[in-house]
Protein chains: 2
Amino acid sequence: MRSLLATLLAFSLAGSALAGDLRGTGDLGVVVERANGKLLVVEHTGDTRLSEIEGLGDLSHASVVFSRDERYAYVFGRDGGLTKVDLLKGRIVKRVMQSGNSIGGAISQDGKWVAVSNYKPGGVRIFDATTLEMVADIPAEYTPGKLSKTVGLVDAPGNRFVFSLYDGDQIWLVDMKDPHKPAITRFEHIGRAPYDALITPDGRYYIAGLFGEDSMALLDLWHPENGVRKILKGYAEHDEKLPVYKMPHLEGWAVAGSKAFVPAVGQHKVLVIDTADWTILDEIDVHGQPVFVMARPDGRQVWVNFAHPDNDTVQVIDAESQHIIKTLKPGKAVLHMEFTPRGEKLWLSVRDDNRVQVYDTATMTLLKELPAEKPSGIFFTDRAHRTGL
Amino acid sequence: MRSLLATLLAFSLAGSALAGDLRGTGDLGVVVERANGKLLVVEHTGDTRLSEIEGLGDLSHASVVFSRDERYAYVFGRDGGLTKVDLLKGRIVKRVMQSGNSIGGAISQDGKWVAVSNYKPGGVRIFDATTLEMVADIPAEYTPGKLSKTVGLVDAPGNRFVFSLYDGDQIWLVDMKDPHKPAITRFEHIGRAPYDALITPDGRYYIAGLFGEDSMALLDLWHPENGVRKILKGYAEHDEKLPVYKMPHLEGWAVAGSKAFVPAVGQHKVLVIDTADWTILDEIDVHGQPVFVMARPDGRQVWVNFAHPDNDTVQVIDAESQHIIKTLKPGKAVLHMEFTPRGEKLWLSVRDDNRVQVYDTATMTLLKELPAEKPSGIFFTDRAHRTGL
């Protein structure tokens with residue numbers, strides 16, 4: 001009887017919680033193992049691995065958003081796959097191939113809608129976050145019969161999504177009040193070839209980088225009636241041009257207090273921008289071409305990683321003095337960094353050394369290493385509570 | 001066999017999850033039922049009640065912080081009780097009577113330490129967040145043999161706590177690097193009778209209100225070596241004095257962009273302060289004496305409730321124009337308000353009508369009401385991810 005009980009209990013627990021018992025989800029996260037299409041589920045209280053989830057398809061350039069209860073992750077794969085993952089059970093809930101080629105997504109403010117940005121067919125598709133059924137298909141038709149690749153898709157306050165049309169030189173604002181009939185506002189001629197975008201942490205300003213010109217396009221979402229204006233004109237023209245090894249991610253902008261720290265495309269510099277008038281205040285010389293420029297949640301430090309051939313290095317900038325206060329050599333190919341919610345630790349992925357490292361941000365020293373196969377993106381669940389992540 | 005299996009399964013599930021099944025904790029919260037010493041566990045995705053927890057003692061002026069995994073709540077009762085509650089199981093994990101009279105607490109940046117601010121005996125005590133064992137006792141001895149009431153206890157980046165000595169006219173900064181031997185920095189003569197304090201959302205500035213003079217005391221935690229300075233001198237002197245029905249909570253300051261919105265003590269006004277130099281920019285006339293002045297997470301709206309006899313009213317200020325855009329009459333005795341993490345909804349407690357209301361913040365309309373017995377404070381788990389909450 002005793003062993004029958006034990007067997008039945010084991011069975012019932014396995015059924016209700018494959019990867020673990022009842023637990024909080026505020027300290028969970030995922031690490032993308034790009035090469036083998038896997039996710040590691042991790043937790044950042046004890047800094048451990050909890051489970052592995054296989055079968056996510058092509059995870060190159062994959063990104064992740066979270067449900068508002070911080071239980072589910074939505075994974076956007078390059079192959080057009082949209083996968084909903086249960087972090088508590090450590091398994092896939094549902095997976096749909098929603099396009100031929102996609103480049104990231106977003107979840108609405110109310111948590112009900114997941115939007116995916118597609119290259120092929122060019123446009124945005126919106127899914128019910130519970131069921132992954134498609135509720136809206138928005139082809140990015142910028143001229144009759146022509147669909148644009150879409151980029152820089154983010155969520156915005158007021159249950160809106162914003163994205164840019166790479167081929168169409170436009171920004172579209174999507175209001176999800178009526179989810180089956182989203183209201184679309186189109187901003188045309190915003191500048192040539194927007195290639196990525198960001199939204200400021202307060203959700204007010206949407207800024208698209210322009211591949212075709214030396215400036216950026218800014219939309220004030222408190223005043224969409226004012227249209228899009230150009231900022232930072234000529235921000236890259238005053239220096240020798242270097243070959244661009246990797247376009248910086250605009251999501252990697254850091255806003256700390258009234259300053260934004262921005263990777264300068266193709267230069268060994270981080271630009272410091274005044275967010276009151278979007279002019280350049282300063283330039284900081286750094287070790288290589290910056291890729292991600294990320295502010296610690298308290299805004300006192302800015303951590304920077306770099307493009308090849310300098311991607312073995314991470315530098316820490318003091319946001320107040322703008323001096324580099326630390327240069328770290330974590331290992332070969334540092335691809336991504338993620339702060340814990342209140343910033344006491346930072347995780348980073350070292351792809352070619354097959355490990356994830358955890359740093360104490362107060363001392364900027366290594367606390368721990370975890371094994372991971374070719375890790376790239378690291379995403380923690382507190383993103384669920386923030387705009388634009 | 002089938003019914004034995006069912007029974008055993010039911011037994012095993014009841015043991016692992018009394019109040020509910022496996023679920024995320026990012027959308028949980030608690031509502032304090034002050035009169036009967038109870039907590040309601042709630043969730044703000046569907047806006048429902050999940051469970052009730054009894055036996056928390058005197059909950060007048062109770063406040064709550066959360067563990068970094070968002071599973072546990074720490075409840076600070078007026079009677080000196082410190083209670084750790086499991087939100088998933090809907091029950092008390094541990095309860096200690098740690099003093100005779102206390103006034104709030106905080107949890108350290110790394111989530112390991114819970115600090116409680118005491119009136120009697122005057123001082124701060126610090127507990128292991130897992131076990132509730134006391135790790136440090138810090139009597140607020142400001143002169144030999146005299147202990148001060150402590151107020152305005154908050155957490156700060158760098159695993160520090162900050163609090164003020166009401167009787168001692170001091171601010172103390174506690175560094176938890178060595179938790180069993182916290183390093184204390186004392187700032188003396190900071191102004192007469194600090195009665196409450198706040199820390200800005202980025203964790204940089206600690207500001208104590210002074211009951212004994214017409215100004216506030218500011219400590220820049222990036223530069224504690226510069227000491228404490230007075231700001232907003234004479235901020236209340238230029239108007240007729242009204243009897244103060246309720247001291248405003250300084251936690252109720254709202255920081256939106258570069259402006260802070262502050263309740264003016266004893267006046268029917270909200271002050272607008274420039275956070276760059278801490279001077280008054282403007283005053284906004286409001287319906288009564290403001291108590292909580294809270295910014296929606298995107299900083300576009302500021303919601304205000306009022307002291308008796310105007311506590312049936314809530315006003316919404318547009319942060320940009322500084323105009324009042326809505327006056328609501330939720331019911332008798334609106335005591336507290338809490339935004340959902342990304343600000344699409346606001347919950348408020350209407351004590352004397354025995355209900356909690358949920359508003360859509362975009363339309364400022366009522367979405368739903370929940371029954372609650374004499375509800376006061378409302379606290380959502382995303383506070384775990386923020387500084388000073």
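1. Trp303(B) is buried in this predicted model, because its relative accessibility is 0% and the cut-off for that class is under 20%. Phe339(B) falls in the buried class as well, with a relative accessible area of 8%. The rings of Trp303(B) and Phe339(B) make an aromatic pair, with centres 6.3 Å apart and an angle of 90° between the planes, which is edge-to-face. This pair joins distant parts of the chain: Trp303(B) belongs to strand 27 (residues 301-306) of chain B, and Phe339(B) to strand 30 (residues 334-339) of chain B, 36 residues apart.

2. Aromatic pairs elsewhere. Over all chains, the structure has 12 aromatic pairs. In one of them, the ring centres of Phe163(A) and Trp172(A) are 5.8 Å apart and the planes meet at 55°, so this pair counts as tilted. Both Phe163(A) and Trp172(A) are buried. In chain A, ring pairs also join Trp303(A), Phe339(A) and Tyr359(A) into a cluster.

3. The surroundings of Leu82(B). This residue is part of strand 6 (residues 81-86) of chain B. Leu82(B) has 0% relative accessibility and is therefore classed as buried. If neighbours within four places in sequence are set aside, the residues in contact with Leu82(B) include Tyr74(B), Val75(B) and Phe76(B). Among the other contacts of Leu82(B) are Lys94(B), Arg95(B), Val96(B) and Gln98(B), and the list also includes Val114(B), Val116(B), Phe127(B) and Leu132(B). As for Ala260(B), its C-alpha atom is 32 Å from that of Leu82(B), and the two residues are 178 apart along the chain.

4. Extent of the interface. In the contact between the chains, 50 residues of chain B meet 49 residues of chain A. About 4300 Å² is buried between chain B and chain A, and carbon and sulfur atoms give 55% of that area. On the side of chain B, the residues that lose the most area to chain A are Leu22(B), Arg68(B) and Arg342(B), together 22% of what that side buries.

5. Six salt bridges are found between chain B and chain A. Glu344(A) and Arg68(B) form a salt bridge, with 2.9 Å between the closest N and O atoms. At pLDDT 80 or more for both residues, 33 residue pairs are in polar contact across the interface of chain B and chain A. Helix 1 (residues 2-16) of chain B contributes the most to the side of chain B that touches chain A, with seven residues. By class, that side has 20 charged, 15 polar and 15 nonpolar residues.

6. Salt bridges in chain A. The whole structure, over all chains, contains 46 salt bridges. In one of these, the side chains of Glu52(A) and Lys38(A) meet at 2.5 Å, N to O. Distant parts of the chain are linked by this pair: Glu52(A) is in strand 3 (residues 48-53) of chain A and Lys38(A) in strand 2 (residues 38-43) of chain A, 14 residues apart. Glu52(A) is partly exposed, at 38% relative accessibility, whereas Lys38(A) is buried, at 10%. Together with Arg49(A), Lys38(A) and Glu52(A) are linked in a network of salt bridges.

7. A salt bridge between two loops of chain B. Lys374(B) and Asp352(B) form a salt bridge whose closest N and O atoms are 3.9 Å apart. Lys374(B) sits in the loop between strand 33 (365-371) and strand 34 (375-380) of chain B, and Asp352(B) in the loop between strand 31 (345-350) and strand 32 (355-360) of chain B, so the pair ties together parts 22 residues apart in sequence. Both ends are partly exposed: Lys374(B) has a relative accessibility of 31%, and Asp352(B) has 32%.

8. A further salt bridge in chain B. Arg386(B) and Asp382(B) form a salt bridge, with the closest N and O atoms 2.9 Å apart.

Methods. Residues are numbered from 1 along each chain as its sequence is written. Chains are lettered from A and ligands numbered from 1 in the order in which they are written. This is a predicted model: local features need pLDDT of at least 70, side-chain atom pairs count only at pLDDT 80 or more; totals for chains, interfaces and linings use all residues. Side-chain values use heavy atoms; hydrogens and water are left out. Contact means heavy atoms within 4.5 Å. Buried area is the accessible area (1.4 Å probe) that two parts lose on being put together, summed over both. A salt bridge is a side-chain nitrogen of Lys or Arg within 4 Å of a carboxyl oxygen of Asp or Glu. A polar contact is a pair of N or O atoms within 3.5 Å; within protein, one must be able to donate a hydrogen and the other to accept it, and residues adjacent in sequence count only if both atoms are side-chain atoms. Helices (H or I, at least four residues) and strands (E, at least two) are DSSP runs, numbered from the N terminus. Ala, Val, Leu, Ile, Met, Phe, Trp, Tyr, Cys and Pro count as nonpolar, Asp, Glu, Lys and Arg as charged, and the others, Gly among them, as polar. Rings of Phe, Tyr and Trp (its six-membered ring) pair if their centres lie within 6.5 Å; planes under 30 degrees apart count as stacked, over 60 as edge-to-face and the rest as tilted. Buried means under 20% relative accessible area, exposed over 50%, partly exposed in between (1.4 Å probe, protein chains only).
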